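Subject: Structure handover

Hello,

Here is the structure we spoke about.

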Amino acid sequence: MLFRNRFLLLLALAALLAFVSLSLQFFHLIPVSTAKNGVSSKSRKRIMPDPVTEPPVTDPVYEALLYCNIPSVAERSMEGHAPHHFKLVSVHVFIRHGDRYPLYVIPKTKRPEIDCTLVANRKPYHPKLEAFVSHMSKGSGASFESPLNSLPLYPNHPLCEMGELTQTGVVQHLQNGQLLRDIYLKKHKLLPNDWSADQLYLETTGKSRTLQSGLALLYGFLPDFDWKKIYFRHQPSALFCSGTCYCPVRNQYLEKEQRRQYLLRLKNSQLEKTYGEMAKIVDVPTKQLRAANPIDSMLCHLCHNVSFPCTRNGCVDMEHFKVIKTHQIEDERERREKKLYLGYSLLGAHPILNQTIGRMQRATEGRKEELFALYSAHDVTLSPVLSALGLSEARFPRFAARLIFELWQDREKPNEHSVRILYNGVDVTFHTSFCQDHHKRSPKPMCPLENLVRFVKRDMFVALGGSSTNYYDACHREGF
């Protein structure tokens with residue numbers, strides 16, 4: 001009888017613990033991890049909305065925290081997953097820089113006090129942080145394309161400068177680099193131990209935050225790399241369009257898209273009321289406050305757990321933040337529906353996608369140069385690429401977002417090559433417009449390279465309408 005009572009007591013206790021655990025998961029107080037097709041599916045790591053694990057209605061604070069991408073435990077990812085008879089040939093990585101200090105200041109308020117020095121005993125931390133700082137201090141003689149050679153190799157200001165990479169941003173990309181190292185180097189041997197400079201292709205814009213983010217990822221990927229083997233090229237355009245940036249039709253799409261944004265803002269009376277309230281708090285005209293893009297600074301406060309600013313007239317608060325962030329989410333939704341941004345994206349992303357397939361095609365011919373390509377860029381770089389690929393449901397690029405193209409060879413059919421597309425560790429290959437139906441016709445968990453090539457060389461122009469069959473004609477067509 002005593003044994004039976006103890007058993008029933010333990011059974012009741014287990015049921016109570018299970019109920020508490022499920023309740024906490026339901027209210028997002030502890031992480032939720034489920035499995036789908038063998039893939040870890042933490043709700044914070046998803047590219048597409050998941051009605052099972054995410055809030056039933058859009059939560060602006062939840063979305064903002066996803067955007068912050070605060071470093072936590074190492075995430076599992078789907079990079080490098082392929083049948084055993086496939087060989088990894090090359091990898092092409094597009095990243096957004098890590099967490100940064102705001103580009104704008106809310107007028108007449110104190111700047112958020114964020115320390116941009118790299119300190120080992122301050123969170124967030126990474127085991128390679130001190131070694132990274134030490135290695136960067138030895139890189140003063142590094143040979144980069146001008147004007148990159150005049151930029152600091154790591155952030156080092158007690159009070160961050162505008163737009164400066166933070167310690168959080170460095171840690172985000174050290175984590176990215178280490179994750180890619182474990183998959184692509186340790187598991188798939190993408191590069192030999194005695195890798196050479198011509199096996200890497202590194203390119204960044206002229207901002208310190210993109211160069212430093214690229215170096216942090218590279219250090220996580222190739223710890224203590226030889227500085228003599230590292231050469232970053234400078235890209236003047238955030239679209240990475242090199243010598244093909246002049247595109248009048250692309251600019252016309254952008255002007256129409258900006259007009260759409262403006263008209264949507266005019267319709268939002270709650271947004272205008274919020275800007276008016278905030279303007280009274282900081283004692284400036286509403287127009288001046290709106291021009292200061294306050295959401296940029298407010299996101300920094302949220303990501304770094306710093307109180308919103310106050311004046312003698314009151315405080316900017318979370319309700320103000322929610323209204324502005326909700327409008328951003330609504331703007332993204334309408335942007336997908338109106339398709340103007342898609343036209344801009346198809347022309348804006350074409351040069352960098354064309355470079356990528358050219359590099360892939362050379363790799364299929366057996367050439368061993370540029371097996372690992374890294375573009376260290378901005379949200380305005382990744383967003384058009386995602387849109388052009390047909391990933392319209394993808395979340396706006398968070399801090400330290402990564403978009404990866406993998407090229408694979410079938411060892412059983414050496415002349416066949418395939419690609420996988422991954423966004424923040426999630427395989428989105430079959431969400432792309434050029435391969436969304438392929439998995440219905442083929443058991444292979446990837447897309448034929450020729451699908452991507454055909455998309456870049458032909459279908460991107462078909463999607464624009466008109467009779468253009470190449471980038472130049474599409475950029476200069478009349479009557480748009």
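**Disulfides and cysteines**

The S-S bond of cysteine 247 and cysteine 475 has a torsion of about -95°, so this disulfide (a pair of cysteine sulfur atoms within 2.5 Å) is left-handed. The pair links distant parts of the chain, 228 residues apart. Cysteine 247 sits in the loop between β5 (232-234) and α6 (248-267). Cysteine 475 sits in helix α15 (residues 471-476). Helices (H or I, at least four residues) and strands (E, at least two) are DSSP runs, numbered from the N terminus. The two sulfur atoms are 2.0 Å apart. Both cysteine 247 and cysteine 475 are buried. Buried means under 20% relative accessible area, exposed over 50%, and partly exposed in between (1.4 Å probe, protein chains only).

A word on the source. This is a predicted model: local features need pLDDT of at least 70, side-chain atom pairs count only at pLDDT 80 or more, and totals for chains, interfaces and linings use all residues. Residues are numbered from 1 along each chain as its sequence is written, and side-chain values use heavy atoms, with hydrogens and water left out.

How many disulfides does the structure hold? There are 6. Number the bonded cysteines of the protein chain in sequence order, and the pairing reads 1-7, 2-3, 4-5, 6-12, 8-9, 10-11. A disulfide is a covalent bond between the sulfur atoms of two cysteines.

Next, cysteine 116 and cysteine 160. Their sulfur atoms are 2.0 Å apart, and they form a disulfide. The torsion about the S-S bond of this pair is about 95°, so the disulfide is right-handed. Cysteine 116 lies in the loop between β3 (86-96) and α3 (129-136), and cysteine 160 in the loop between α3 and α4 (167-187), so the pair ties together parts that are 44 residues apart in sequence. Cysteine 116 is buried, at 0% relative accessible area. Cysteine 160 is buried too, with 0% relative accessibility.

Then cysteine 241 and cysteine 245. They form a disulfide, with sulfur atoms 1.9 Å apart. The torsion about their S-S bond is about 100°, so this disulfide is right-handed. Cysteine 241 is buried, with a relative accessible area of 1%. Cysteine 245 is partly exposed, at 23%.

Last, cysteine 300. Cysteine 300 is buried, with a relative accessible area of 5%.

Best regards
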